[in-house]
Amino acid sequence: MERGEGDRIEITISSRFENIELVQVIAEHLCENAGLDEDGSHWIGMAVREAVANAIKHGNKLDTRKKVNARFQLRGSELEITISDEGEGFDPEKVGDPLNPQNLMKTSGRGIFYMKTFMDRIKYSFNPGGGTSLVMTKNLAKGSGLASSKA
Amino acid sequence: MKATSRTVGNVELIKLEGKITIGAGDSQLREVITNALNSGKNNLLLDMSGVTTIDSSGIGELVGSYTTVTNRGGKLKLLHLPAKLNELLHVTQLITVFEVYENEQEAANSF
C-alpha cells in the first residue's frame, strides 16, 4: 500500500473475497478523516465494497493470481476512487435495472445500482490491453446518507 | 455468520448475527433456510438485529430465501431491521416485498 503526495492512497489486493473488507475500511477511514460523518462514510464504503466484489467476481473471475487495484484520491472535497481489475470487461448497458418489476425478485444485479446510488458519478473504462477501470466520485461536502440518492 | 433458532408458537425465529456478504455469510444464509424448510418449518421470522454488514450479495440471498420459502408454501418475514439494511431495501424497493416488524410477538402473531 502506498500513501502518495497529498491525499492519495493506493492498494493492490489479490482476488479473494476476504480482501474486500480491507479496501472498504480504508475508504471509510479516508472519508472520516476528511470530515465526513459515519453514515456518509459507510455508504461510500459500501460502494467500494460492491466495486471490489465485482472486480474480483466478474472481472478477475476469482482468479487469485489476478489483482484488483484500488486508488483513492482526495482533491479538495471531491473524492475519486478508481477500482481496476485484469478482466475482459463487460457492457454496463446490459446490466438490468433492479427496479424493473421483472428484475425485482432476482437474486443478483444490484451492485452497480448501489454504487450509482451512493456515489455522485460512476464511469467504466475498458483498457485495450485488457482490464477494466471503474472511477467513482463523490463530493464529500454535499452531505451524507441517501438523501441525494440517484435511484 | 451465526444463526440461532427457537420456536415461538408455529413460527421459527432465526436470529442472524454477523456478516451476510459475498463469500462470507451469503451461502450460510441459504443453508440455514434450507435446513429449516427440510425440518418442516416453513413459517420463518428472521431477526436481523445482529447483522453487522450486508452487501448486494446478501440482499440477493434474502430475496432468494423469500422466494424459496414462498414456493414451499411458507412465509418469511423480517424482524428488527437495522437502519442501514432498511435503507438498502428501500432504495431497491424490496421493502415492498418483505413484511418487517419491530415487535416479536406482533410478528409471530402475523403468520
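**Notebook: cores, contact and confidence**

I began with the cores of this predicted model. The largest nonpolar core holds 33 residues, and Ala47(A), Ala51(A), Val52(A) and Met115(A) have the most contacts inside it. I then looked up which elements of chain A build this core: helices H1 (20-33), H2 (38-59) and H3 (111-118), together with strands E3 (67-75), E4 (78-85) and E6 (132-139), each give at least two residues. H2(A) provides the largest share, ten residues.

Next I picked Ala47(A) and set aside its neighbours within four places in sequence. What does Ala47(A) touch then? I found Tyr114(A), Met115(A), Phe118(A), Met119(A) and Met136(A) in contact with Ala47(A).

I also noted a second, separate core, this one of 30 residues; Val11(B), Leu37(B), Leu81(B) and Leu85(B) are among them.

On to the contact between the chains. I counted 21 residues from chain A and 16 residues from chain B. On the side of chain A that touches chain B, H2 and H3 of chain A each supply at least two residues, and H2(A) gives the most, with five. I sorted that side of chain A by class and got ten nonpolar, six polar and five charged residues.

Last, I checked confidence. Chain A averages a pLDDT of 90, with 90% of the residues scoring at least 70. Where in chain A is confidence lowest, and where highest? Strand E1 (residues 2-3) of chain A is lowest, at a mean of 52, and E4(A) is highest, at 97. I flagged residues 147-151 of chain A, where the pLDDT is below 50; this stretch has eight contacts in the model beyond near neighbours in sequence. A reminder to myself: where pLDDT is low, predicted coordinates should not be read in detail.

Key
Residues numbered from 1 in each chain as written. Chains lettered and ligands numbered in written order. Predicted model: local features only at pLDDT ≥ 70, side-chain atom pairs only at ≥ 80, totals over all residues. Core = buried A, V, L, I, M, F, W, Y, C linked by C-beta atoms within 7 Å. Buried ≥ 20, exposed ≤ 12 C-beta atoms within 10 Å, placed from the backbone. Helix = DSSP H or I, 4+ residues; strand = E, 2+ residues; numbered from the N terminus. Contact = placed C-beta atoms within 7 Å. Nonpolar A, V, L, I, M, F, W, Y, C, P; charged D, E, K, R; others polar. pLDDT = per-residue confidence, 0-100.
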